[in-house]
Amino acid sequence: MSTIKLTVNGKAVSVEVEDRTLLVHLLRETLNLTGTHVGCDTSQCGACVVHIDGQAVKSCTVLAGQAAGANVTTIEGISKGDELHPMQAAFRDNHGLQCGYCTPGMIMSSIDIVNRHGGKLDEETVRHELEGNICRCTGYHNIVKSVLDAAGRMKVAQAAE
Amino acid sequence: MYETTYHRPSSVDEAAALFSKGSDSKYLAGGHTLLPVMKQRLASPSDVIDLGRIKELVGIDVSGDALTIKAATTYFDILQSAEAKKTIPAIVHLTSVLGDPQVRYRGTIGGSVANNDPAADFPAAVLALGATIKTNKRTIAGDGFFKGLFSTALEDGEIITAISFPIPAKAGYSKMRHPASRFALTGVFVAQTKAGEVRVAATGASQNGVMRVPVIEAALKANWSAGALDNVTIPTDGLLADIHGSSAYRANLIKVMAQRAVAAAG
Amino acid sequence: MGVEGIGASVVRKEDRRFITGRGRYVDDIKLVGLTHAHFVRSPHAHAKIKSIDIAAAEKMPGVVGVLTGQQIVDDKVGNLICGWAITSKDGTGMKMGAWPAMAPEIVRFAGQAVAVVIAETKNQARDAAEAVVVNYEELPVASDIRAAIKEGAPQLHPEAPGNVIYDWTIGEEAATDAAFKAAANVVSLDITNNRLVPNAMEPRAAIAEYNDAEEHFTLYTTSQNPHVARLVLSAFYNIAQEHKLRVVAPDVGGGFGSKIFIYPEEMVALWASKKVNRPVKWTGDRSEAFLTDAHGRDHLTKAEMAFDKDNKITGLRVKTYANLGAYMSLFSSSVPTYLYATLLSGQYNIPNIFAEVISVYTNTTPVDAYRGAGRPEASFVVERLMETAARQLKVDPAELRRKNFITTFPHQTPVIMAYDVGDFGASLDSAMKAIDYAGFPARKAKAKTEGKLRGIGISCYIEACGIAPSKAVGSLGAGVGLWESAEVRVNPVGTIEILTGSHSHGQGHETTFAQLVAGRLGIPISQVSIVHGDTDKVQFGMGTYGSRSAAVGMSAIFKAMEKVEAKAKKIAAHQLEASEADIVIENGEFKVTGTDKSIALPMVALAAYTAHNLPDGMEPGLKEGAFYDPTNFTFPAGAYICEIEVDSGTGKTSFVNFVAADDFGTLINPMIVEGQVHGGLAQGIGQALLEGAVYDGTGQLMTASFMDYTMPRADDLPSFKLSHTTTLCPGNPLGVKGCGEAGAIGASAAVINAITDAIGNNKLEMPATPDRVWHAIHG
């Protein structure tokens, strides 16, 4: 057992967990942040994607100890009160989700894609960048549409700030 | 996974000392190779030594005729590196088609090379460019480093600190992705050294892991062009065959990927 | 508020919880005193259990109980059943082998559970499961159809000699043979319909809680049909009487058929929760999903089509072997029979059809309905034959189809189905226009000059949805009726709750069902809530599968709404002192037509519940229920065309264009309909290009993770161009046909037709991996 201190969604937390604990289990089971999901056991589906220090990573492939001292953001931490993050709004408005299970990981990965590419996104780039996230419902058509839409919204939001 | 003890040393020496204390220690860099295996309970290290936060293991430099990438440098950092883009763009391209964006944030060049997965991309670059592997104990030539599937010249507890790639005259990488895992079904790295030597390495194709491809090297030595390979035949002996590709298909891919790598190298 | 009624692409009400991480899936639920289950599974595909030693496991830290297959048999928990009886051509019933929830003596597929460990934590349960020592004696294995039916094959079940479950036929054999004798041309094909793993992104999970004071169980489970689960668990598995068992299916992360069935893990969780008297949770991981979720497809077929000298089809003859795996899953028997062979007429006028289907046991994971269930297999047979025929007869594939389309309705096929309505030519026209079919030869020629192999492929599919009516399916062997129920509760303040037996696990019912109600009453959808997925809240219902929720589920709501509106009009007329016949409902108000008198819905509702001033003899309250049993199946149909390019160096296929023209009747929410089509197309394309479950000769699944089983990813697929043509379904009050499975049914033949066109070789099996395509090009 080890004590791990980290920041999750802006709040400092300190938890005692077994060293074998994965970050995703710390989030889901210890912190009750069940928006982050587990969809595979081979680090491929991306349902578990969260941000560590601003980078999209698969929380099923990070030991809790590796995240010690880090700033972790989950799907629960991206909206400002009632105001959705532009990526969340774009997924809703473009029907970028169906069953919702892959959605938190998709949104967290997509925010990272836009952060890295800014406004220079096209369909082909988005499809390539979504390689680490699997969806079984949407055929990706509306997810791609959502990301492109959000890229525009995020640019506007940044310009406004 | 089984219970283990996690350590986060801050220096290479501390890491090596921790390693020797554990009954069955393993190093972890990005974790994207070791943790999936541990999750499947196929590995049960007593101690996991995290190299990811050791500052002396991170960085990219160009000095003289070599591009040196320190072992715990992530793929993401390689993609961002102006030095890498300028000196060996083929390495940047290889990195961009490796894994997925989340893996590229965490995965490290040292982890990939030390693990020597038979379908990993970086071993092909190491072998084709004639890189040298620097460890906390010595320097190992790339030609003698890979010893078959998941096996290398590294001794127990030895830590790769950096990989030094001689800057070639020309280099290119072309990869046919495994449709499911996105590893290399076959990837070929071609290089022409500044001295005029041609070195070609293929990954994903052989039963023994990454390998040089002498017939292609000979053809390209005579004539550095994709067309020079039109009539080359790659023997199927020793090539992998599975549900995603027969050995004949992989033999074809070695040739076709080599042609595309040459075209990309210019 | 017509903007939110039928036909409006309103954004989904349910989305907010999913995009903010507030969805509530089974694994998200925690109960006080929760324990965790981990199953001990057989590593062998066929073996005798000689002994199980649980002593060491019982002593492991945190272990609450270790339970075995023999104990579940001793406790008289029932065997798993198949609920659709199929009769062989010789008049004998299907041969169903016993399937205990955990194997007491023989295991018949790799991954079958033999014991379960219950512990305080998930890790402790898994640690202890490894300490259970099972001594197996391996038996010979039949890992595919060919191995199962050959002379001297290993026998799986004593009940099924030769591993044959049934040998069933449909259609007129003699007349069909005669048509072939008289044919001017005959086209034939051998077809493998590849085995698929559904892979809903949420793995299956169950939490069972037993209250010993009440002798009552609660099961939270990943189900598409919680009421059917309760019925089966109660009536056949002896877990509890129905009123002592509550089944809840909360948010469910995709189903695609795989969550229709009642699996051993849910049964064991319930049984174990009473044994250890603690709540028990089991959450499958992806590896378990690959080994235990019912797989789909897996047919071997020989098909022949006869043509007269004018290229009119005169006959179709099909012989199919279907692999049902090691045990008969809940609806497995119906999939290759009544859901497959009845669709073999496709969109065509075929006077004579005869099909024989032989279903067999193999040492593999059970096979059952997966998105489309039988209809993709039928559509693939018919559309591959049509394409092959066009090439053999040297006619344009679109024209050959058009020449043979059914154009008058209703149309009785030789294989039970009576198509009610359709316009197949309109869909084909729409798709051909969208892809510029006429311009294809020039594009192909241009691609050739660039060294590229370009191809185009058509698929004109038809399917049957909203399986019904109950009387008819009963006569065909179904163990259940296939109606749906609905209850409309108008609350005293005028808000509305709709209770439905349908279950939404991605389909968006919370929005579309609300649109129906909102549109009828002229109120915003925010005033309407949809309640589903809980047997304590909703009376009996049949769940969601087979694209039935709009055609059957919404029609039940429609019927209940008619009753509610009729009563509300009576109350409004009484309050307004007007004649009931003069009351119309507009914008949430009950108006006296031709006057300015009106009363708002909340006031009518309030009047109903205060009951101070109701018409004489009227019961208080405003709540009505309905059961709706359709008069026929519905028949969505359409035309898909794709244009692809093959890289001859690698065999890799890439999409140039993919167009889909569908006729779903009325579209409730076009945005959601299109989303359903996108997802279906991805699964159809996945089958054609990427996905395939492969077993080795010893019965080990070679594709047991996402590392080897190719799931479609964003960069494998194109954006789709969709269009709709419309003929209204006459069989239900809404004119809807269903849209959930169409893409998966129609897409695969279009893709294979296009690739075989590009490479000039018609012999190509699914999935058409780069390796296979390269071999097909280069021999």
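Two strands pair if DSSP finds at least two bridges between them. Keep that rule in hand, because a pair of strands with two bridges passes it. The model you're looking at is predicted.

Start in chain C, with strand β2, which covers residues 47–53. Six bridges tie β2(C) to strand β6 of chain C, residues 133–138, and the two run antiparallel. To find one spot in that pairing, go to C:D53: its bridge partner in β6(C) is C:V133. Strand β2 of chain C also pairs with strand β4 of chain C, residues 106–107, again antiparallel, through two bridges. Here you can look for C:A47, whose bridge partner in β4(C) is C:V107.

The order is β22-β23-β24, and the pairing is antiparallel. On the edges sit β22 (583–586) and β24 (598–600) of chain C, each pairing on one side only. Neighbouring strands in this sheet are turned by 25 degrees against each other on average, if you ignore direction. Strand β23 of chain C, residues 589–592, is joined to β24(C) by three bridges. Within that antiparallel pair, C:E589 stands opposite C:A600 in β24(C).

While you're in chain C, have a look at two prolines. Where does C:P410 sit? You'll find C:P410 in the loop between α11 (397–404) and β16 (411–412) of chain C.

A:D53 has phi near 45 degrees, a positive value in a residue other than glycine. That residue lies in the loop between β3 and β4 of chain A. For context, most residues other than glycine have a negative phi.

Of the area that chain A buries against chain B, 26% comes from A:R20, A:Q66 and A:E131, more than from any other three residues. The contact takes 30 residues from chain A and 33 residues from chain B.

What about polar interactions across the interface of chain A and chain B? There are three salt bridges, and 16 residue pairs are in polar contact, both residues being at pLDDT 80 or more. One salt bridge links B:D100 to A:K58, with the closest N and O atoms 2.7 Å apart. On the side of chain A that touches chain B, β3 (49–52), β4 (55–58), α3 (103–117) and α4 (123–129) of chain A each supply at least two residues. The most comes from β4(A), with four residues. By type, the residues on that side of chain A divide into ten nonpolar, eleven polar and nine charged.

Methods: Residues are numbered from 1 along each chain as its sequence is written. Chains are lettered from A and ligands numbered from 1 in the order in which they are written. This is a predicted model: local features need pLDDT of at least 70, side-chain atom pairs count only at pLDDT 80 or more; totals for chains, interfaces and linings use all residues. Side-chain values use heavy atoms; hydrogens and water are left out. Axes are lines fitted to C-alpha atoms, for helices over the stretch in contact, and angles run from 0 to 180 degrees between N-to-C directions. Contact means heavy atoms within 4.5 Å. Buried area is the accessible area (1.4 Å probe) that two parts lose on being put together, summed over both. A salt bridge is a side-chain nitrogen of Lys or Arg within 4 Å of a carboxyl oxygen of Asp or Glu. A polar contact is a pair of N or O atoms within 3.5 Å; within protein, one must be able to donate a hydrogen and the other to accept it, and residues adjacent in sequence count only if both atoms are side-chain atoms. Ala, Val, Leu, Ile, Met, Phe, Trp, Tyr, Cys and Pro count as nonpolar, Asp, Glu, Lys and Arg as charged, and the others, Gly among them, as polar.
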